[in-house]
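Okay, let me put the model up on the screen. I'd like to talk through how the two chains meet.

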There are 2 protein chains.
Amino acid sequence: MVADPLNTTMEDVVLFTSSDPLIFQSGERLSHVQVRYETYGTLNADKSNAIFVCHALTGDAHASGVRPGKDKPGWWDTLIGPGKPVDTDSFFVICPNILGGCQGTTGPGSINPATGASYGLDFPTLDMQDFVTVHRRLLAHLGIDTLLGCLGGSLGGMQVLQWVLNAPQDMGSALIIAASSRLTAQNIAFSAVAREAIMRDQGFSDGHYLEAGTTPDTGMSIARMMAHITYTSEGALWDKFGREPQNSDLSGDFGVDFAIESYLQHQAETFLDRFDALSYLYLSRVMDYFDPFGSDDSCKLIRANPVDTLVCSFSSDWRFSPRASKRIATRLERAGVPVTYQEIRAGVGHDSFLLEIPEYLELIRRFLNHRLEVIS
Amino acid sequence: MVADPLNTTMEDVVLFTSSDPLIFQSGERLSHVQVRYETYGTLNADKSNAIFVCHALTGDAHASGVRPGKDKPGWWDTLIGPGKPVDTDSFFVICPNILGGCQGTTGPGSINPATGASYGLDFPTLDMQDFVTVHRRLLAHLGIDTLLGCLGGSLGGMQVLQWVLNAPQDMGSALIIAASSRLTAQNIAFSAVAREAIMRDQGFSDGHYLEAGTTPDTGMSIARMMAHITYTSEGALWDKFGREPQNSDLSGDFGVDFAIESYLQHQAETFLDRFDALSYLYLSRVMDYFDPFGSDDSCKLIRANPVDTLVCSFSSDWRFSPRASKRIATRLERAGVPVTYQEIRAGVGHDSFLLEIPEYLELIRRFLNHRLEVIS
């Protein structure tokens, strides 16, 4: 365990073993599942101030603050930290890396103890509920019965939704940000193109690239560049890049001529350093399949145990649009859940949920402070 | 020359030769340029009933009717034909394949007489004005002084805009459909990803794939799948595919599970049969650079010779949005050009311009019939 002046820790913990394996929704099993998680702040004596944070597709456990040896703050540093809306002077914040990921928690790139090689495409098919299974085990490991709040954006928000439907008794409140309860055909289409780019890259080596010593860099670059376009908005790209040339003269060839092209290349390059192709495939596919309200009794448990829920969307988000968030709110309201729905005016598209937007930060702060008052 | 009962012809004609080369805007030259074009209907005695049609990025000379041995009608068969809005019983319609294309007109895949091999990346850099140069030469070849109308959609509309700015005296009217006078950063971004996918495909062989006997099928598939998403709309994809599975059970792997995925794969496969990677690079790049109103004197000629212009957009087109079309209309109006601007309510996005939408067809019909009255 590493402690630092900001009162944070990072830890790897084995949560499932051969005698107590992780059983996936698919029926498959893993006999060794490790989870990397970080915490911020201090758990109070009655363990009532914990907030669980679920990250998005390519996020990790490092949500807040600057780790020793790193130069970039955590991905949700706008929201989480001392004095911030998720105030680590008041709350104890837990953020694990996701099952199937590539940043410390067991995923397709991990070593399969049975073979000594990485799982690759033998990693079990993932379902949103499998994330919840692992998150709940981490909670038990930490000895926490009830979360003050469970918070996530994008794929993180989907995990929160699944969790509050499966086990509402685990939390006093749920915060579902920039999420969707089911992907549209357009969403699936973009994901399909990304997967196609990765899997058809010769470096993918049929999923055995770790053993083959290759990497599907082209496919991953294409996937990231395209995804990045969908994470922002037309207006934000225009405001930032317009038609600015990257160099004083256009080259006339097919390289980088415009500033937007250079930016996308940069996005692709930094992505290769930090993300794994198989994790991308597995995690993106979970989102395609996700459709919790598709089953009739999806709201049975939350109906019996309504959880205060905040659903928040961003006006320019065309990946998971306000309409998608509104659908979540409506479905929960119909089940008798007290829902606060708020659309934040923001120009930067889906990625707005990561940004410092005063109205948004204030919304989260007020919602959580209200929870603090309720329990105290 | 091939004649058929519908009174159409297809012809290949050499328009530039070593003694009279095509001089590109870049200063480069080609000593042999052939153009394939089709015509529909009959040119009248005073050659006053000609309508010139410019096609979009992946279009070709075959705009109308079903050619012998083919099963699909031309790409603008909704609009062009006997009794249709561009009525080939009244008009003589000319549609050439574009310079730099791959369907009969000289392009990067053509043989360079100087080397005996294909031009590949040695093909000159293209500018929108180069298309106009070739179109005008075709007009001269046909002995036509003045077009009744010049009509195009998407990249075709951009050609019309460039032409009417460069040589308004060539036409009595201009019809600019679903076009833009300058790509947005988002437009360029999507194009950049497509080019990246093509050029990084090992089968691209640095542009010498024809000689290498390889093909950048993966890159072209990715480019087409992604582009197709941007040619339609979220709503249209949802209406057509929703979250329908392709098979009775989801496979759980990363293949085709949803109907939308199968559809995209089909789009990619048929595209490989009909389009060339280098043409894709060259033609898409022309669009990125296109910005005719970027120069102060762009409207000098049309101001002196105002041409009746119709600018038409489609409400759900997010590739070249109504705003982009409106900008064209506004700029032309400011130059004193009589402009009819119409936004058509249509749900299928950019590709709406190819569809049978009554309000749209009626708009074209009325505009052209009015031109007929003006000249008779």
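So, 53 residues of chain B are in contact with 53 residues of chain A, contact being heavy atoms within 4.5 Å. This is a predicted model, so local features need pLDDT of at least 70 and side-chain atom pairs pLDDT 80 or more, while totals for chains, interfaces and linings use all residues. Housekeeping: residues are numbered from 1 along each chain as its sequence is written, chains are lettered from A and ligands numbered from 1 in the order written, and side-chain values use heavy atoms, with hydrogens and water left out.

The two chains bury about 4700 Å² between them, 64% of it from carbon and sulfur atoms; that's accessible area, 1.4 Å probe, lost on putting the two parts together and summed over both. On the chain B side, E234(B), R243(B) and F254(B) lose the most area to chain A, together 18% of what that side buries.

Now the charges. We get 8 salt bridges between chain B and chain A, meaning a Lys or Arg side-chain nitrogen within 4 Å of an Asp or Glu carboxyl oxygen. In one of them, R195(B) pairs with E261(A), with the closest N and O atoms 3.1 Å apart.

How do the copies relate? Chain B superposes on chain A by a rotation of 180° with 0.0 Å of shift along the axis, RMSD 0.0 Å, fitted by least squares on C-alpha atoms of residues with pLDDT of at least 70 in both. That's the relation of a two-fold axis. And both copies use the same surface: 100% of chain B's contact residues recur in chain A.
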